[in-house]
Amino acid sequence: MRAFLLNLAGLLIAAAVASCGDDSNLSRTISPQEPGPDSVAYYCGMNISEHAGPKGQIFLKGQQKPVWFASVRDTLAFTMLPGEPNNIAAIFVSDVGNAKRWDQLEAGAWVEANKAIFVAGSNVQGGMGAAELVPFAKRAAAEQFQAKHGGEIYRLDDLPERYILGEADVQTSSASDPDAASKDMAH
């Protein structure tokens, strides 16, 4: 009987360890949502549709609805700030490479943040009127945007913290023309 109980305990421990694997596959079961009239930005409390530029959404484990963000900077800052939940299941950001207009990004244009290519320090402001991290699903689209608007290209893991938590006006150029960005979005 003792051998049976030891074997059973071993199987239970092995099953528990296997089920505690990393959460890297978790986001594959979560799909991004489209903002609606009740989609309010976490930090500013305003409706997402009231802001131009790329947005973000974070799914917390056990929740069906995302936490919305009016900017990509705010989205990524949420993951770094003390006191914010750290039970993140998935992070999606707008894919600006599929956008025709900066002021109204197309539905369905989302990319997982860990797969995105970001342009940081461009001369284009985000929805909160500050410097923005501009995400793309494809590197070629990021390079095309960078050629028009300046900045540097990064993957999520390589983004310098100053672009996320630093001064809101961190840009390679002090000029910013959202109207020009809207005109330039067509590829």
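Searching the whole of this predicted model turns up 10 aromatic pairs. One of them brings together Y42 and F69, whose ring centres sit 5.8 Å apart, with 55° between the planes. A pair of aromatic rings is described by just these two things, the distance of the centres and the angle of the planes. The Y42–F69 pair counts as tilted, because an angle has to be over 60 degrees for edge-to-face and under 30 degrees for stacked.

The two partners come from distant parts of the chain, 27 residues apart. Y42 belongs to the loop that runs between helix 1 (2-19) and strand 1 (56-60), while F69 is part of strand 2 (residues 67-69). As for solvent, Y42 is partly exposed, with 39% relative accessibility, whereas F69 is buried at a relative accessible area of 1%.

Turning to another strand, V119 is found in strand 5 (residues 117-120). Its relative accessible area is 0%, so V119 counts as buried, the cut-off being under 20%. What surrounds V119, once its neighbours within four places in sequence are left aside? The contacts are E132, L133, V134, F136, A142, F145, G150, G151, E152 and I153. P135 makes for a handy distance check on V119: the two are 16 residues apart in sequence, and their C-alpha atoms are 6.5 Å apart in space.

Notes:
Residues are numbered from 1 along each chain as its sequence is written. This is a predicted model: local features need pLDDT of at least 70, side-chain atom pairs count only at pLDDT 80 or more; totals for chains, interfaces and linings use all residues. Side-chain values use heavy atoms; hydrogens and water are left out. Helices (H or I, at least four residues) and strands (E, at least two) are DSSP runs, numbered from the N terminus. Buried means under 20% relative accessible area, exposed over 50%, partly exposed in between (1.4 Å probe, protein chains only). Contact means heavy atoms within 4.5 Å. Rings of Phe, Tyr and Trp (its six-membered ring) pair if their centres lie within 6.5 Å; planes under 30 degrees apart count as stacked, over 60 as edge-to-face and the rest as tilted.
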